[in-house]
Amino acid sequence: MRKFKALFLVMILVVCCMATACKKDDKDDKIKVGVVNNPPSESGYREANVKDMEAVFSEANGYTLKTFYSIKNDEQLQAAQGFITEGVDYLLISAAETTGWDDVLKKAKEAGIKVYLFDRMIDVDTSLYEAAVVSDMAKEGETAVNWLLSQNLPEYKVIHIQGAMGSDAQIGRTGALDKQFESGKMKKVVQQTATWDEAEAKKIVEAVINSGEDFNVIYAENDGMAKGAVAALDEAGITHGVDGKVIVMGFDCNKWALRELLAGKWNYDGQCSPFQAQIISDLIKSGKAPASKQIINNEKGFDAKALTQNDIDTYGLGE
Amino acid sequence: MKKNGKKAFLSGFGQLTIPLIAIALLVVFNLIRDPGFFSIGISHNNNGNPVLSGNIIGIINGASELAVLAMGMTLVTAACGGQDISVGAAAAIAGSVFVKVLKSGSAINAGTVILAFVMACIVAMLFGTFNGTLVAVFKIQPMIATLILYTCGRSIAYWINGGATPTVSSPILSGIGSFIPGVPIPTPVLIVVAMAILFKLLFHFTALGLFTQSVGINGSAARLNGINATFIKLLSFIILGVCVAVSGCIGVSRLGLINHETLLIDIEMDTILAVAIGGNSLGGGKFKLSGSIIGAYVIQMLTITLYAMKVPSTDVKAYKAIVIVLLVVIGSPVIKERFGRWISRLAERRRKVSAKGAEE
Amino acid sequence: MQEESLLTMRRIDKRFPGVLALNGVDFTLRKGEIHALMGENGAGKSTLIKVLTGVYQMDGGEIRVEGEKVSIHSPQDAQNAGISTVYQEITLCPNLTVAENMFIGRSRGAWVRQNKLEERADEILTKLGIPARSTQLLGSCSLAVQQMVAIARAVDMQCKVLILDEPTSSLDDKEVKQLFDLMRDLKKQDVGIIFVTHFLDQVYEVSDRITVLRNGELVGEYLTEELPQLQLVSKMIGKELEELSNLGDSEEEKIMQPEVFYEAEGLSSTEALPFDFSIRKGEVNGFTGLLGSGRSESVRAIFGADKVTGGTVKINGKPVKIQRPIDAMKHGIGYLAEDRKRDGIIAELSVRENIILALQVMNGMWRPISRSESESFADEYIKVLNIKTASRETPVGSLSGGNQQKVILARWLLTHPDYLILDEPTRGIDVGTKLEIQKLVLKLAEEGVSVTFISSEVEEMLRTCSRLIVMRDRHAVGELTGKDLNQTQVMKTIAGGES
């Protein structure tokens with residue numbers, strides 16, 4: 001027993017030595033970046049986002065990257081605090097919650113650390129950060145609805161499947177469509193939240209089909225729910241896609257979803273770009289203060305008719 | 001003799017009275033609301049196969065995962081006097097394993113699907129063993145023990161595939177999750193029937209039913225009669241593991257995609273409710289699988305009814321809660337006793353009347 | 001001797017599915033009397049009490065308190081009518097103080113002055129001569145005092161009728177005396193007391209009147225002094241008592257088979273100190289000793305009910321390992337546990353399922369007993385043991401104590417054991433069934449089954465056993481056979497004289 005203990009202690013010592021040895025290897029000419037983000041397991045979007053960050057802020061590009069992932073705000077705050085004490089040059093934050101960040105950001109400012117927000121806004125004075133690189137969800141919705149209007153259908157009877165109520169993506173993507181419902185240009189057959197759940201989306205569409213009501217557009221606020229809706233259509237023998245009866249619209253541009261578009265089974269997929277790293281890297285390297293505090297990440301919408309394999313490879317998320 | 005017959009009729013459903021009344025009420029309510037609600041039609045799906053369609057099919061089909069889980073949960077409840085709240089997370093793990101195996105091969109054929117299912121089963125049974133060990137060996141409250149997997153299960157599911165929503169597509173999968181060409185009945189429904197038959201056979205060809213109930217009702221006495229209570233509890237979790245794997249694979253096959261965050265989300269609560277609505281005591285002991293299965297259909301019928309009424313799905317849970325509170329209250333011992341008293345008083349009065357008639 | 005009647009119950013009927021539990025029973029309680037309610041298990045005593053306290057609803061008849069008709073539909077109604085019950089199991093909260101226990105659930109407002117309550121509680125306790133302080137935790141009092149506190153609580157609620165259901169079953173002699181003193185005190189205060197018990201001696205010590213029930217019907221009401229004990233018993237079981245006295249003689253003629261069936265050397269468990277023990281085929285032996293002397297622990301070690309920690313065991317001369325109950329069962333040993341409710345019955349399962357349980361366990365999970373087979377087993381033993389049940393599918397929990405015990409006996413008989421251990425098989429069951437069980441034990445022995453019989457009633461053991469092992473402080477202190485088998489010798493040995 002004692003032998004084991006001794007061995008164990010020695011091993012701990014060795015590991016400690018190695019750790020300190022590694023630290024000394026750090027070179028000082030690299031730009032030190034600390035990223036506080038949500039964990040990649042959160043969503044396909046986040047996974048792509050994390051990969052993008054790690055790819056852009058790589059050693060090869062002249063950065064030393066420290067990362068911390070958590071969906072808990074207090075853990076994120078602690079990690080940010082830790083990065084400040086360690087002395088990073090830049091702090092990049094996608095916060096779990098919008099509140100509670102004042103103190104940490106003030107400390108960062110005092111320490112001369114520049115802060116960039118990405119993907120998500122924080123409720124603090126704009127002077128506390130350099131810039132926020134975010135998606136404009138409302139614009140995503142507008143792009144999609146404008147595309148839908150450009151299809152010039154004789155009438156629009158829409159099944160609207162919403163994401164988790166109150167999330168940024170849901171509010172943004174719902175807004176533009178709600179305006180059309182109000183103006184009477186489009187008819188709301190049903191508007192239900194499936195809280196991002198594919199199976200729930202399928203049930204919602206099944207209920208409409210079984211009630212016998214007519215519809216010709218499915219506007220799902222992410223790809224998964226669109227897939228659920230399509231499964232219901234397939235079982236009921238209702239055609240969809242480019243040459244079908246029902247127009248299918250999704251969001252997020254997962255690769256598998258774009259492939260559905262390419263096959264002509266869906267009609268539209270709106271992008272929600274997780275690629276903010278390059279924009280921030282460019283800002284850092286330029287050394288200038290950004291022109292605006294809020295930088296909108298430009299996002300596209302893909303039409304099945306115009307989509308190419310190249311688009312899928314470039315913009316598709318996941319595998 | 002006739003009187004006996006009537007009495008048997010009144011009490012004959014016993015435990016199943018409440019769920020059957022619930023179904024009857026929902027049916028009547030829907031028929032009043034929309035006489036065509038239960039119409040069943042034959043349509044052709046996009047693969048050109050004739051399939052049954054209609055709300056009733058949707059309900060029975062949609063409740064499949066729930067029904068399968070409810071069967072396993074009933075067993076765990078009976079043996080351990082507690083519930084496994086990690087079934088949703090475990091199903092996400094099983095589904096992820098299923099997808100992982102399917103994607104690792106070059107082509108998807110019957111062999112790989114079976115292999116993937118077997119792997120999913122093994123993994124789910126392992127996690128069942130984990131839960132079961134905590135409960136049976138370490139005597140941890142089932143809800144607390146399974147809270148661990150409930151919390152971390154979906155993260156584990158994420159690690160298996162990495163990506164958030166990997167997709168797989170194959171005619172075999174859509175055959176499992178939707179329809180087998182030429183068979184108009186949704187395959188998940190057939191799977192539920194198969195599972196029910198398997199359970200029936202299990203109880204028929206083993207003494208598991210008797211042992212499980214003995215352990216659940218009086219663990220100490222069961223032990224002194226030579227029953228290995230630890231093993232029985234563990235076994236119940238392992239069997240639940242199989243149910244978890246089956247429902248996870250159904251869930252994945254329906255859409256050909258695994259979203260570890262949303263696959264069978266919140267299903268643990270519905271499962272426990274199905275067991276409770278089925279008239280089974282959540283404190284363990286005597287149980288009826290058929291009750292739990294009917295309970296699952298009650299819950300699904302309720303959900304679909306609310307969807308058909310276009311109740312916003314944000315409100316669905318609240319309405320569901322109201323109905324379920326009603327059902328559980330009606331099924332409570334207090335109401336049961338009052339109702340029983342009322343029935344017996346009624347019978348008494350009738351007996352007196354008939355006795356008087358006979359005298360005259 | 002015309003006292004004022006306090007409580008009259010007339011023509012009370014109570015029906016359960018398949019059973020008429022009470023059939024036109026009359027019962028009268030007068031002011032200031034202690035009235036013993038007697039009968040075998042299943043005679044209807046508890047049903048009558050439960051009707052009176054509102055736990056059950058009667059199907060016919062009427063109840064009058066002080067001449068006024070009352071309708072009792074709930075325990076609350078009973079309490080309002082001045083009827084209070086103190087149950088066998090203490091139903092108070094051991095982790096609250098005596099005062100809190102006396103007033104819990106009775107104050108109207110949420111705000112009650114603690115010291116006021118304590119003053120009042122002390123007042124009552126002194127008045128009734130109960131040796132407890134109001135601020136003391138109830139759990140720190142002896143069982144007798146706890147019971148008295150429960151009575152004090154009832155008295156303070158202005159109860160006119162006090163029901164004591166088996167109040168003495170867990171008390172020692174001194175405590176019983178304390179309780180009886182209290183009962184006599186209450187009697188002087190014009191409280192009517194209904195006293196339910198199995199102990200005949202106590203009935204004669206304290207009660208004024210006796211009402212006997214049998215099979216749900218009234219046998220009669222008697223003045224205690226006018227009813228000899230032997231007659232009381234014969235009225236309770238409905239037959240003359242000759243059998244009782246005849247039973248003892250049979251075992252003298254019995255021929256002992258010489259072969260030893262079971263033999264243990266230095267057997268010990270987590271609960272039992274090492275001991276040696278052996279039993280021959282067809283022998284009935286007994287373990288006796290005071291409660292806590294280790295008699296149950298020893299037989300539990302034989303059956304592997306507690307973790308076995310050492311010793312060697314031979315069955316039919318061959319060494320075997322018995323670690324768990326299933327090992328013992330596989331070697332032909334059956335064990336009827338001391339605590340029927342906790343370790344015996346599976347209450348919600350049917351009589352049939354309870355009967356086949358042990359056999360099914362021995363068959364293993366993969367060889368279930370078919371429905372029809374189990375039904376015929378159940379029917380057979382219901383008949384052989386004369387189990388009173390509405391049907392074989394009745395939940396065993398709804399049977400009376402004696403019949404539950406018979407079901408468990410049936411369970412073990414069905415496994416055709418070579419060696420049956422019966423730990424207190426007659427506790428809390430009626431005289432008639434006791435007799436049946438004793439007879440059964442002797443019959444089994446004749447058939448070559450070894451039986452270990454444990455009972456707290458020494459007399460009962462003397463009647464059935466041919467050898468008694470006396471235990472004290474977890475050690476065997478003596479073994480009595482032949483001429484030594486008599487009450488005095490047993491007492492001497494227990495008390496620690498020469499063995």
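Two residues are taken to be in contact if their C-beta atoms, placed from the backbone, lie within 7 Å. In the predicted model described here, residues 24 or more positions apart account for 73% of the contacts in chain A that have a separation of 6 or more. The secondary structure of chain A amounts to 11 helices and 12 strands. Its C-alpha trace spans about 75 × 55 × 35 Å along the principal axes. Of the 319 residues in chain A, 46% are buried.

The contact of chain A with chain B draws on 32 residues from chain A and 32 residues from chain B. On the chain A side, at least two residues each come from helix H2 (44-56), strand E7 (187-193), helix H7 (198-211) and helix H8 (223-236). H7(A) gives the most to this side, with 8 residues. Sorted by class, the side of chain A that touches chain B holds 10 nonpolar, 13 polar and 9 charged residues.

The contact of chain B with chain C takes 21 residues from chain B and 25 residues from chain C. The elements of chain B that give two or more residues to the side touching chain C are helix H10 (208-217), helix H11 (219-224) and helix H16 (333-359). H10(B) gives the most to that side, with 6 residues. The class division for the side of chain B that touches chain C is 9 nonpolar, 8 polar and 4 charged residues.

Within chain B, helix H12 (residues 229-255) consists of 27 residues. The distance from the first C-alpha of H12(B) to its last is 40 Å, close to the 39 Å expected at 1.5 Å a residue. Of the 27 residues of H12(B), 24 are buried, so this helix is largely enclosed by the rest of the structure. B:Gly256 follows H12(B) and has a positive phi, near 65 degrees.

Most residues other than glycine have a negative phi. B:Asp266 has a positive value although it is not glycine, with phi near 60 degrees. B:Asp266 is located in the loop between H12 and helix H13 (267-277) of chain B. There are 13 other C-beta atoms within 10 Å of B:Asp266, so this residue is partly exposed; a residue would count as exposed at 12 or fewer.

A positive phi is also found at C:Glu424, a residue other than glycine, where the value is near 55 degrees. C:Glu424 belongs to the loop between strand E17 (419-423) and helix H16 (431-446) of chain C. Because C:Glu424 has 20 C-beta neighbours inside 10 Å, it counts as buried, the criterion being 20 or more. B:Asp266 is thus partly exposed, whereas C:Glu424 is buried.

The domain assignment of chain C gives domain 1 (5-241) and domain 2 (245-495). Taken over C-alpha atoms, the centres of domain 1 of chain C and domain 2 of chain C are separated by 34 Å.

How values were computed
Residues numbered from 1 in each chain as written. Chains lettered and ligands numbered in written order. Predicted model: local features only at pLDDT ≥ 70, side-chain atom pairs only at ≥ 80, totals over all residues. Helix = DSSP H or I, 4+ residues; strand = E, 2+ residues; numbered from the N terminus. Nonpolar A, V, L, I, M, F, W, Y, C, P; charged D, E, K, R; others polar. Expected span 1.5 Å × (residues − 1). Domains from an automatic or database assignment.
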